Amino acid sequence: MTVEPDFKSSGLVAERLLTIGEVGSRVGLATSAIRYYERRGLVQADARVSGQRRYRAETVRRLVFIGMLQDAGLDLEEIEGVLHADAVEGWKAIARRRLATLDAEIERLQRARAYLQGALLCRFDHPATDCRIIGAEIDRRLTPT
């Protein structure tokens, strides 16, 4: 992300603040989502100009980070925990829990993939009744453990 500087008469360079619309366009969020994140305390506007919210590059980066956490499957409560963790162990505990959930989901998806691959290997009409590969899995699931 390129942040364009504003030049002030004093000769100092100040970071250009972005409007909520500009931020939304850059990070792929509706402005209503950004305002919702503000109400939840996940981000805050860095300034107001004529009543309009303005954001620094650091806040834009925080919004991208929130999106990354959402991509990893964290809900907003967990994201809040990560962002407001008092210590490293706080956010790492959240990450570890999510990793365990992801590992279980990956295992489930790999099994589902194997079932479908097995069904595609069946040469008969219907995998539920005519396929030895799927039939073996059905029998395995019916066997008491």
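The structure is a predicted model, in which local features need pLDDT of at least 70 and side-chain atom pairs count only at pLDDT 80 or more, while totals for chains, interfaces and linings use all residues. Residues are numbered from 1 along each chain as its sequence is written, and side-chain values use heavy atoms, with hydrogens and water left out.

Helices and strands are named here as DSSP runs, numbered from the N terminus, a helix being a run of H or I with at least four residues and a strand a run of E with at least two. Helix α4 spans residues 76-83, and within this helix L76, I79, V82 and L83 are buried, where buried means under 20% relative accessible area, exposed means over 50%, and partly exposed lies in between (1.4 Å probe, protein chains only). These four residues lie on the same side of α4 because they cover an arc of only 110° around the axis, the arc being that of the directions from the helix axis to the C-beta atoms. The cover over the buried residues of α4 includes α2 (31-40), α3 (57-71) and α5 (88-121).

L42, in the loop between α2 and β4 (47-49), counts as buried at 1% relative accessibility. When neighbours within four places in sequence are left aside, L42 is in contact (heavy atoms within 4.5 Å) with Y37, R62, I66, L76, I79, E80 and L83. By contrast, L42 and R132, which are 90 residues apart in sequence, are 53 Å apart in space, C-alpha to C-alpha.

The structure holds 10 salt bridges, a salt bridge being a side-chain nitrogen of Lys or Arg within 4 Å of a carboxyl oxygen of Asp or Glu. In one of them, the side chains of E38 and R53 meet at 2.9 Å, N to O. This pair links distant parts of the chain, since E38 belongs to helix α2 and R53 to strand β5 (residues 52-55), 15 residues apart. E38 is buried, with a relative accessible area of 17%, whereas R53 counts as partly exposed at 22% relative accessibility. A salt bridge also joins E22 and R16, with the closest N and O atoms 2.7 Å apart, and E22 is partly exposed, with a relative accessible area of 27%.

Within helix α5, R108 and E105 lie three residues apart, about one turn of the helix, and their side chains meet in a salt bridge at 2.7 Å, N to O. R108 counts as partly exposed at 39% relative accessibility, and E105 likewise counts as partly exposed at 32%. Elsewhere, salt bridges that share partners join D46, R56 and E58 into one network.

E137 lies in helix α7 (residues 132-142) and is buried, with a relative accessible area of 17%. The side chain of E137 takes part in a polar contact of 3.2 Å with that of Y115 and in another of 2.6 Å with that of R140. A polar contact is a pair of N or O atoms within 3.5 Å; within protein, one atom must be able to donate a hydrogen and the other to accept it, and residues adjacent in sequence count only if both atoms are side-chain atoms.

Other features concern exposed parts of the model. V64, F65 and M68 form a nonpolar patch on the surface, with about 260 Å² of accessible area together, and M68 is found in helix α3. Patches are made of residues with over 30% relative accessible area and no salt bridge, like charges being joined within 9 Å and nonpolar side chains (Val, Leu, Ile, Met, Phe, Trp, Tyr) within 5 Å; accessible areas come from the Shrake-Rupley method with a 1.4 Å probe, and for residues only the protein chains shown count as cover. S50, in the loop between β4 and β5, is exposed, with a relative accessible area of 76%, and has a positive phi of about 55° although S50 is not a glycine. P144, in the segment after α7, counts as exposed at 74% relative accessibility.
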